[in-house]
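Open the model in your viewer and keep the selection tool at hand. This tour goes stop by stop, saying what to select and what is there.

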Amino acid sequence: MRKLNSIIFFGLFVLISSFTILASSWKIDDNFRIHFAGNSVEGIFENFSGQIIFDENDLASSKFSLNIKVESISTGNWLKNRHAKNDNWFDSEKYPNIVFKSSKFSKTANGFNVKGFLKMHGIEKEIAIPFTFVNNTFKGNFSVNRIDYGIGTLEGMSKKVSNEIKIDFVVPVTKEK
């Protein structure tokens, strides 16, 4: 009898846990905005996708697995776009994606913080990204040092573009059913 109760309890636990994860899954809406800016460079990424599982009351079960297509870079100038995609900068043929995978979430005075691994240009580094989640919209900003990722490091390349690139994002989401 004890074994049967344990099996039933375990089954209920698994069932309830799976509903919790499903209830916290979010779909990225098409009107997202991933904006970057530095000296003499500014633009957006137009292709952004991924898996978002987020519950502000259960941060331990939350996770982000996000992907930006480097080819979708848009500076408003086709020549700058082509230049950014070439092998002196992002090298979009060899490194077609910018990927972020979360490892830990925490609550802050102003919202939340997610730690995780950002991979660009074949280099992966741990970073922390502060964000808010209000009205089904993730918002935040942070900076990355492009030199840390080997982007635009050839001699003479970095004189016009600042090392620190500011990233601002607005990602509206809808709850998946």
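## The whole chain

Of the 177 residues in the protein chain, 38% are buried. Buried means under 20% relative accessible area, exposed over 50%, and partly exposed in between, with a 1.4 Å probe and protein chains only. The model is predicted: local features need pLDDT of at least 70, side-chain atom pairs count only at pLDDT 80 or more, and totals for chains, interfaces and linings use all residues. Residues are numbered from 1 along each chain as its sequence is written, and side-chain values use heavy atoms, with hydrogens and water left out.

Switch to cartoon. The protein chain has two helices and eleven strands. Both kinds of element are DSSP runs numbered from the N terminus: helices are H or I with at least four residues, strands are E with at least two. The order from the N terminus is α-β-β-β-β-β-β-α-β-β-β-β-β. Contacts mean heavy atoms within 4.5 Å. Among contacts between residues at least 6 apart in sequence, 55% join residues at least 24 apart.

## Stop 1: the core

Select Phe54, Phe64 and Phe138. These have the most contacts inside the largest nonpolar core, which has 40 residues. Strand β11 (residues 164-175) gives the largest share of this core, five residues. Such a core is a set of buried Ala, Val, Leu, Ile, Met, Phe, Trp, Tyr and Cys residues joined through side-chain atoms within 4.5 Å.

Now centre on Phe54. What is Phe54 in contact with, leaving aside its neighbours within four places in sequence? The list is Ser24, Trp26, Leu59, Ser62, Phe64, Phe105, Phe112, Phe131, Phe133 and Phe138.

## Stop 2: the largest pocket

Select Phe36, Phe45, Phe90, Ile165 and Ile167. Of the 39 residues lining the largest pocket, these lie nearest its centre. The lining has 31 nonpolar, five polar and three charged residues. Here Ala, Val, Leu, Ile, Met, Phe, Trp, Tyr, Cys and Pro count as nonpolar, Asp, Glu, Lys and Arg as charged, and the others, Gly among them, as polar.

The pocket holds about 840 Å³ of space. On a 1 Å grid over the protein atoms alone, a pocket is an open set of points where a 1.4 Å probe fits, with protein on both sides within 12 Å along at least five of seven lines; lining residues have an atom within 4 Å of a point.

## Stop 3: Ala37 and Ile165

Select Ala37, in strand β2 (residues 33-38). Ala37 is partly exposed, at 22% relative accessible area. Leaving aside neighbours within four places in sequence, Ala37 is in contact with Glu42, Glu164, Ile165 and Lys166.

## Stop 4: the salt bridge

How many salt bridges does a search of the whole structure find? It finds one. Select Glu71 and Lys85; their closest N and O atoms are 3.5 Å apart. The pair ties together parts 14 residues apart in sequence, because Glu71 lies in the loop between β5 (63-69) and β6 (73-74) and Lys85 in helix α2 (residues 78-85). The cut-off is a side-chain nitrogen of Lys or Arg within 4 Å of a carboxyl oxygen of Asp or Glu. Glu71 is partly exposed, at 45%.

## Stop 5: two positive phi values

Most residues other than glycine have a negative phi. Select His121, whose phi is near 55°. His121 sits in the loop between β8 (112-120) and β9 (123-134). Is His121 buried or exposed? At 16% relative accessibility, His121 is buried.

Finish at Asn135, with a positive phi of about 50°. Asn135 is in the loop between β9 and β10 (137-145). Asn135 is exposed, at 71% relative accessible area.

Technical notes
Points joined across faces, edges and corners; volume = space filled by probe spheres on them.
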